Amino acid sequence: MPASLKSTLPSGSLLDPRALMSIRNLELRARVVVEGFWNGLHRSPYHGFSSEFTEYRQYTPDDDPRYLDWRVFARSDRFFIKKFEDETNLRCYVLTDRSRSMAYGSCGYTKAEYSSTLAATLAYFLYLQGDAVGLLTFDEQVREYLPARHRTGHLRQLMLTLEKPLGGQITNLAAPLKRIVQIVRKRGLMLLLSDFLAPLDRLEADLSALAASGHEVLLFQLLDPAELKFEFKSPAIFEDLESSRTFFIDPNAARKEYLLKLENHCVALQGLCERLGVSYHRLSTERPLELALFDFLRQRTQRSRSRIRSGRHHRAVGIAK
């Protein structure tokens with residue numbers, strides 16, 4: 001992917017999340033996002049970018065030229081080879097926060113609905129790629145677990161699980177991370193979706209254990225625009241959804257301190273991820289899902305290319321020795 005590639009698609013191809021959430025069926029929502037993403041990408045200046053996420057990858061000097069696809073070259077003027085089976089098969093687990101704080105929403109839908117739609121979109125896309133997808137939902141404990149599979153009926157079961165109502169109270173990030181380390185032995189891709197509005201003191205150790213097990217980890221922090229901007233005007237009673245405690249707050253007096261604490265919390269979370277080599281994405285729930293999918297795919301491509309460059313470097317060092 002060119003270094004100048006921006007995380008934008010043609011504006012006409014982006015679906016307003018509010019309109020998307022009006023589609024009641026979750027699997028249909030995911031399909032609309034994925035199809036809209038591909039259609040927008042084909043209309044964008046980065047049309048060739050799409051083939052990097054299907055059955056081809058870009059040719060490198062270490063590849064056998066016998067596997068070059070000349071028909072793709074004729075269309076794109078770029079060299080691609082077909083991926084082998086061990087390069088395309090991926091085990092991915094989507095870990096989604098279903099605690100009560102995810103029930104907040106100021107856009108006509110909640111963070112939980114946005115999170116479920118993002119989880120469904122990622123699962124649907126990966127399933128179409130032929131990858132095995134699993135799911136783990138949690139609040140203060142692990143609620144549902146589906147092993148990573150790619151078989152008839154599994155995607156539907158995953159969608160039905162994501163559509164279940166929120167059942168827990170507080171966010172306990174330690175429980176799902178410890179559980180997934182225990183039950184998933186083979187290396188995979190872990191996608192962790194939450195607002196992360198919880199203490200971070202235990203998170204670093206648990207994320208570190210997950211990364212140490214050889215898993216690639218992507219973290220999505222999902223926040224409502226009202227949480228990010230705190231543009232409330234009048235004094236009112238605010239309720240903590242997880243503890244049910246109420247507070248009388250004057251937004252004008254509290255805004256500056258609130259925004260500072262939120263930013264410090266998010267910066268600490270991002271710094272923690274950087275130390276562990278975990279990819280971090282902060283998303284407002286008013287961001288079109290096509291762009292969230294684009295961010296995910298771009299990060300995967302950059303990481304893949306980084307591994308290729310690292311492999312070349314190690315081979316070069318070995319030859320030099």
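**Entry 1. Nonpolar cores**

I began with the largest nonpolar core of this predicted model. This core holds 42 residues, and the members that touch the most others are V94, L118, L191, L193, F220, L293 and F296.

I looked up L118 in more detail. Setting aside residues up to four places away in sequence, I find that L118 touches L193, F220, L222, L283, L289 and A292. I also noted a second, separate core of 27 residues, with L200, L203, L219 and Y280 among them.

**Entry 2. Helix 5 against helix 6**

I next examined how helix 5 lies relative to helix 6, residues 154-162. Their axes come within 10 Å and cross at roughly 175°. Angles over 145 degrees count as roughly antiparallel, and helix 5 and helix 6 are therefore roughly antiparallel to each other.

I listed the residues that make the contact. Helix 5 supplies S116, A119, A120, A123, Y124 and Y127, while helix 6 supplies L155, L158, M159 and L162. Sorted by class, this contact has nine nonpolar residues, one polar residue and no charged residues.

**Entry 3. T96**

I turned to T96, which I located in strand 3, residues 91-97. Is T96 buried or exposed? Its relative accessible area is 1%; the cut-off for buried is under 20%, so T96 is buried. Leaving out neighbours within four places in sequence, I recorded contacts of T96 with S115, A119, L135, L136, T137, F138, L162 and L193. Of these, A119 and L162 also take part in the contact between helix 5 and helix 6.

Definitions and conventions
Residues numbered from 1 in each chain as written. Predicted model: local features only at pLDDT ≥ 70, side-chain atom pairs only at ≥ 80, totals over all residues. Heavy atoms only, no water. Core = buried A, V, L, I, M, F, W, Y, C linked by side-chain atoms within 4.5 Å. Buried < 20%, exposed > 50% of the residue type's maximum accessible area, 1.4 Å probe, protein only. Contact = heavy atoms within 4.5 Å. Axes fitted to C-alpha atoms, helices over the stretch in contact; angles between N-to-C directions. Helix = DSSP H or I, 4+ residues; strand = E, 2+ residues; numbered from the N terminus. Parallel < 35°, antiparallel > 145°, perpendicular 65-115°, else oblique. Nonpolar A, V, L, I, M, F, W, Y, C, P; charged D, E, K, R; others polar.
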